[in-house]
Amino acid sequence: QGGDASSIPVFSVGDRLTEKYLTMETRTRATDLCTPFQKELYLGTLSFTEAIDLESWHAVGISHSYCRVEVNVTDLTGVYSGAGADPSVRVNGTMTSMDMHKKGTGNPATVHAGMICPLNDGKVYTTGRFGVLPSSDGQTISVDIYNGDELLTNLTVPRNSTVSPLIAEAGGLLIFDYELGQSEFFVTVGDFRYRFVTIDDM
């Protein structure tokens, strides 16, 4: 889990999986924006019945407990290299909690993630890979691109696409690639990369 056990629910004898949840934290008390998971967190469950007086060995298959998201933005316009620029994204369409069966629960969440320019070239910005909890029924993942408090554009996969609805699933991987000012963006879902041309620029 990356060395931080504080995210893992604590279990006691007699506890039920349905009573334990993984929950996102809010950035501050004054906002509803959630903080993404930055460390690896895995979950595996196994049900079995065995005699209590015999030794046993069990292999538990584990996978990522949350959906991994990465947003990459190319800025050839100089918006993010200007004075006071504060590049960030907000991911919509996830939930604030997840039960131990990897189902999204709680309330709808908006997850805030800052971006950095790892090459210091003032052009390519990324959130890096971070975790969000699974979507609930009827939700669709979308990404808002921000500079400070200014919404620059929204990346939403149209409902008539081959990957619609685009949802967050435990163990999933979603990578968004976008160039500021363009009318297209790309989404990598697992091993497949899709191109969309339906951005409504603000």
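**Figure 1. Glutamate 70 and arginine 129 form a salt bridge, with their closest N and O atoms 3.2 Å apart.** The pair joins distant parts of the chain, 59 residues apart: glutamate 70 sits in strand β6 (residues 67-74), and arginine 129 sits in the loop between β9 and β10 (130-132). A salt bridge here is a side-chain nitrogen of Lys or Arg within 4 Å of a carboxyl oxygen of Asp or Glu. Strands (E, at least two residues) and helices (H or I, at least four) are DSSP runs, numbered from the N terminus. Glutamate 70 is buried, with a relative accessible area of 15%, whereas arginine 129 is partly exposed at 41%. Buried means under 20% relative accessible area, exposed means over 50%, and partly exposed lies in between (1.4 Å probe, protein chains only). The model is predicted: local features need pLDDT of at least 70, side-chain atom pairs count only at pLDDT 80 or more, and totals for chains, interfaces and linings use all residues. Residues are numbered from 1 along each chain as its sequence is written, and side-chain values use heavy atoms, with hydrogens and water left out.

**Figure 2. A salt bridge connects arginine 193 and aspartate 177, the closest N and O atoms being 3.0 Å apart.** Arginine 193 belongs to strand β15 (residues 192-196) and aspartate 177 to strand β13 (residues 173-179), so this pair links distant parts of the chain, 16 residues apart. Aspartate 177 has a relative accessible area of 19% and is therefore buried.

**Figure 3. Glutamate 184 forms a salt bridge with arginine 195, and their closest N and O atoms are 2.6 Å apart.** Because glutamate 184 lies in the loop between β13 and β14 (185-189) and arginine 195 lies in strand β15, the pair ties together parts that are eleven residues apart in sequence. Glutamate 184 is partly exposed at 24% relative accessibility, while arginine 195 is exposed at 53%. A search of the whole structure finds three salt bridges.

**Figure 4. Lysine 102 has a positive phi of about 65° although it is not a glycine.** This lysine 102 is in the loop between β7 (87-99) and β8 (104-114). With a relative accessible area of 24%, lysine 102 is partly exposed.

**Figure 5. Asparagine 120, a residue other than glycine, has a positive phi near 55°.** Asparagine 120 is in the loop between β8 and β9 (124-126). Its relative accessible area is 71%, so asparagine 120 counts as exposed.

**Figure 6. Cysteine 34 and cysteine 117 both count as buried.** The relative accessibility is 3% for cysteine 34 and 13% for cysteine 117. Searching the whole structure gives zero disulfides, a disulfide being a pair of cysteine sulfur atoms within 2.5 Å.

**Figure 7. The second largest pocket is lined by 14 residues.** Ser135, Ser136, Asp137, Ile167 and Ala168 are the lining residues that lie nearest its centre. The lining has five nonpolar, five polar and four charged residues. Here Ala, Val, Leu, Ile, Met, Phe, Trp, Tyr, Cys and Pro count as nonpolar, Asp, Glu, Lys and Arg as charged, and the others, Gly among them, as polar. The pocket holds about 210 Å³ of space. A pocket is an open set of points on a 1 Å grid over the protein atoms alone, where a 1.4 Å probe fits, with protein on both sides within 12 Å along at least five of seven lines; lining residues have an atom within 4 Å of a point. Grid points are joined across faces, edges and corners, and a volume is the space filled by probe spheres set on the points.
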